[in-house]
Amino acid sequence: MPLYRAFELTIASDILLPELISLPENGNSIPDIHIVRSAITFPSMEQTAIHRRGVMARSGTGSDGSICLQWEGIASFRAVGGHTLYVDSYTEDFALLSLFTVSEALGCVLFQRGLLLLHASSVQVGQEAFCFMGEPGAGKSTTASAFVKQGAQLLSDDLTAIAFDKKNQPFVLPAYPQLKIWGNTVQGLGLDSARLVPVSEGINKFAMVPDMDFPSKPVPVAQIYFLHKARNRSALQAVQPTEAPVELVRHFPLATHLLTGKALQRHFMQSIWCASAASIWRLRRPKDFASLEEWVLSNATKV
């Protein structure tokens, strides 16, 4: 069974996951997570606001605490105990199946392991992590790409997992070395299109694999940015620590029905810890690629 590395975890999988870092199958690695093909019986399911490639996801929670996620025509998933992800595939497209597996489905397992999850892209600048959040189209991946172009290391794209040490300091867990960007970003940032490959997520979108070693250790969170496009708001505004829980919960990447009871309390406390350790900003997206690169250069001095 193929072995992979992502989010500081070893993953044994029945299905191919080409986005992740492969590990030797004859090594001594003990899997933290097993991804297993299996038929799935659903609990009561509800529509979510989660969408990918134009498909809306349905989600439900089993009486045993398992989390189910269903993408019509693609696959269903059931996360159990933070250690097993069952997959029932409806497609023969292995790349498409992998795309949907390493995103929200794997996120369900990470959520069960107690990590803070954010719909964000993150990079390592010097010895610190910068996280970028925003509504779809706000420029999360584009901003991360601009930092990578200037020498920053990619930590995650779309799904960021944050762990905390014994002193409640937040650390981004390196996900896997792939950044998905639109064709206009490739052109706007002057990236070498010959080194990119189309992805199955949508038309004119490409996979960028940074030409550098992928970080192997968690990176302390230093800066968190909420990107927006509103021209009638400040270009840069500090987010007060008391505002952090509400802002961060808006960028929870999984079904909102999961954030109840103790899980919601945990999310609130983890948000407060992030606000205590990092600077948090609302940033108006630079108006064009030249302005973006200028802003990145002014903030990438630690690279």
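Domain bounds in this account come from an automatic or database domain assignment. On that basis the protein chain is divided into domain 1 (3-113) and domain 2 (116-301), and 22 Å separate the centres of the two domains, taken over C-alpha atoms. The structure is a predicted model, in which local features need pLDDT of at least 70 and side-chain atom pairs count only at pLDDT 80 or more, while totals for chains, interfaces and linings use all residues. Residues are numbered from 1 along each chain as its sequence is written, and side-chain values use heavy atoms, with hydrogens and water left out.

**The interface between the domains**

- Domain 1 gives 27 residues to the contact and domain 2 gives 27 residues, where contact means heavy atoms within 4.5 Å.
- The size of an interface is often given as the accessible area lost when the parts come together.
- About 2,200 Å² is buried between domain 1 and domain 2, and carbon and sulfur atoms give 66% of this area; buried area is the accessible area (1.4 Å probe) that two parts lose on being put together, summed over both.
- On the side of domain 1, the residues that lose the most area to domain 2 are F7, E8 and F111, together 34% of what that side buries.
- Five residue pairs (both at pLDDT 80 or more) are in polar contact across the interface of domain 1 and domain 2. A polar contact is a pair of N or O atoms within 3.5 Å; within protein, one must be able to donate a hydrogen and the other to accept it, and residues adjacent in sequence count only if both atoms are side-chain atoms.
- At least two residues of the side of domain 1 that touches domain 2 are supplied by each of β1 (3-6), β5 (46-52), β6 (55-61) and α1 (94-112). Helices (H or I, at least four residues) and strands (E, at least two) are DSSP runs, numbered from the N terminus.
- Helix α1 provides the largest share of that side, 10 residues.
- The residues of that side of domain 1 divide into 13 nonpolar, seven polar and seven charged. Ala, Val, Leu, Ile, Met, Phe, Trp, Tyr, Cys and Pro count as nonpolar, Asp, Glu, Lys and Arg as charged, and the others, Gly among them, as polar.

**Salt bridges**

- The count comes to seven salt bridges, each being a side-chain nitrogen of Lys or Arg within 4 Å of a carboxyl oxygen of Asp or Glu.
- Between domain 1 and domain 2 the count is one salt bridge.
- R52 meets D158 in a salt bridge (2.7 Å, N to O).
- R52 also forms a salt bridge with E104 (3.1 Å, N to O). Because E104 lies in helix α1 and R52 in strand β5, this pair ties together parts that are 52 residues apart in sequence.

**Strand pairing**

- Strands of a sheet pair through backbone hydrogen bonds, either parallel or antiparallel; here two strands pair if DSSP finds at least two bridges between them.
- Strand β4 (residues 33-37) runs parallel to strand β2 (residues 9-13), joined by three bridges, and H34 in β4 is the bridge partner of A12.
- Four bridges also join β4 to strand β9 (residues 84-89) in parallel, with I35 opposite L85 in β9.
- An open sheet of three strands has the order β15-β17-β16, with antiparallel pairing; its edge strands, β15 (179-182) and β16 (197-198), each pair on one side only.
- Two bridges link β16 with strand β17 (residues 205-208), and P198 stands opposite F206 in β17.
- Strand β20 (residues 279-284) pairs with strand β18 (residues 219-228) in the parallel sense over six bridges, where H228 stands opposite R284.
- Strand β19 (residues 236-238) pairs with β20 in the antiparallel sense over three bridges, and Q237 stands opposite R282 in β20.
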